[in-house]
Amino acid sequence: MDIIQIVLGSTVSIISIFISNYLGRKATKNNYQLETKDKAYKSFYVPLMKFLISANKDSMIYYWYIASWYAAPGKFKKSSDLLSDLLRSNLEVLPPKVVTLVSEYSTSTSGAQMFFGDDGYRENYRHNLIKASELFDTIVRQSLQEASLISKELGYPDIAKPILESFDNIEKTNLNFPRYLPEIYQKSGPRQFVGEEPPYY
């Protein structure tokens, strides 16, 4: 009987140790996952949302965020894409669905830049502009949806939801539709520069 009690006692002790170790590892893993999500939220999602709200709610399209800089006159022309830069610098924390689009978006937006020639549009690059705009919208939507979920897990206010609603529900006008190149600029770009930042009306 004593031997049985000793064996049972040892078995219970061993099981308790295993359970404690398992729970400890699980807690550590959960904490690590939350820390990783918090890092992603602060390094990618928050800068993305700040970037998006920098525009008027009716100008939240690829053209005004990115392409208008490609089309800007003289010294104000820019070749950089802020979204592309943000994606590349945070590749390790991006949602898997977004990661698969990064390379294609970078290629398309580089081609879109070529559409805006000094002497007019280069029509053989229009498809790049259209594709870049479509991918821009997809990346932004998927990222904001993920940001909304993460904010709830971390206990942060869900600021992504209203931004996504504004992004998806802008009133269509000739200044923002089609999203890749507004109607008023379909044949030629703006001729008058009225400030140091877009839009150029």
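Modeller: Start with Ser143. Beyond its neighbours within four places in sequence, Ser143 is in contact with Phe44, Tyr45, Leu48 and Val98. Keep in mind that this is a predicted model.

Biologist: Where does Ser143 sit, and is it buried or exposed?

Modeller: Ser143 belongs to helix α5, residues 126-154. Ser143 is buried, at 0% relative accessible area.

Biologist: How far apart are Ser143 and Phe44?

Modeller: In sequence, 99 residues. In space, 9.2 Å from C-alpha to C-alpha.

Biologist: What lies 2.8 Å from a polar atom of the Ser143 side chain?

Modeller: The backbone oxygen of Ile139.

Biologist: Switching to Ser106. Which helix, and buried or exposed?

Modeller: Ser106 is in α4, which covers residues 96-115. Ser106 is buried, because its relative accessibility is 17% and the cut-off for buried is under 20%.

Biologist: Which residues does Ser106 touch?

Modeller: Ser84 and Arg88, leaving out residues up to four places away in sequence. The side chains of Ser106 and Ser84 also make a polar contact of 3.2 Å.

Biologist: Now the helix pair. How do the axes of α4 and α5 cross?

Modeller: At roughly 145 degrees, and the axes come within 7 Å. The crossing of α4 and α5 is left-handed.

Biologist: What kinds of residues make up the contact of α4 with α5?

Modeller: The contact has 10 nonpolar, 7 polar and 4 charged residues. On the α4 side they include Val98, Leu101 and Tyr105. On the α5 side, Leu135, Phe136 and Ile139 are among them.

Biologist: How accessible are Glu104 and Lys131?

Modeller: Glu104 is partly exposed, at 37% relative accessible area. Lys131 is partly exposed as well, at 32%.

Biologist: What about Glu123? Which residue does it meet in a salt bridge?

Modeller: Arg126, with 2.7 Å from N to O. Glu123 is partly exposed at 45%, whereas Arg126 is buried at 14%.

Biologist: Last one: what does Lys57 pair with?

Modeller: Asp58, with the closest N and O atoms 3.6 Å apart. Lys57 is exposed at 53%, and Asp58 is partly exposed at 24%.

Terms used: Residues numbered from 1 in each chain as written. Predicted model: local features only at pLDDT ≥ 70, side-chain atom pairs only at ≥ 80, totals over all residues. Heavy atoms only, no water. Helix = DSSP H or I, 4+ residues; strand = E, 2+ residues; numbered from the N terminus. Buried < 20%, exposed > 50% of the residue type's maximum accessible area, 1.4 Å probe, protein only. Polar contact = N/O pair within 3.5 Å; in protein donor to acceptor, adjacent residues only side chain to side chain. Contact = heavy atoms within 4.5 Å. Axes fitted to C-alpha atoms, helices over the stretch in contact; angles between N-to-C directions. Left-handed = near helix turned anticlockwise from the far one by under 90°. Nonpolar A, V, L, I, M, F, W, Y, C, P; charged D, E, K, R; others polar. Salt bridge = Lys/Arg side-chain N within 4 Å of Asp/Glu carboxyl O.
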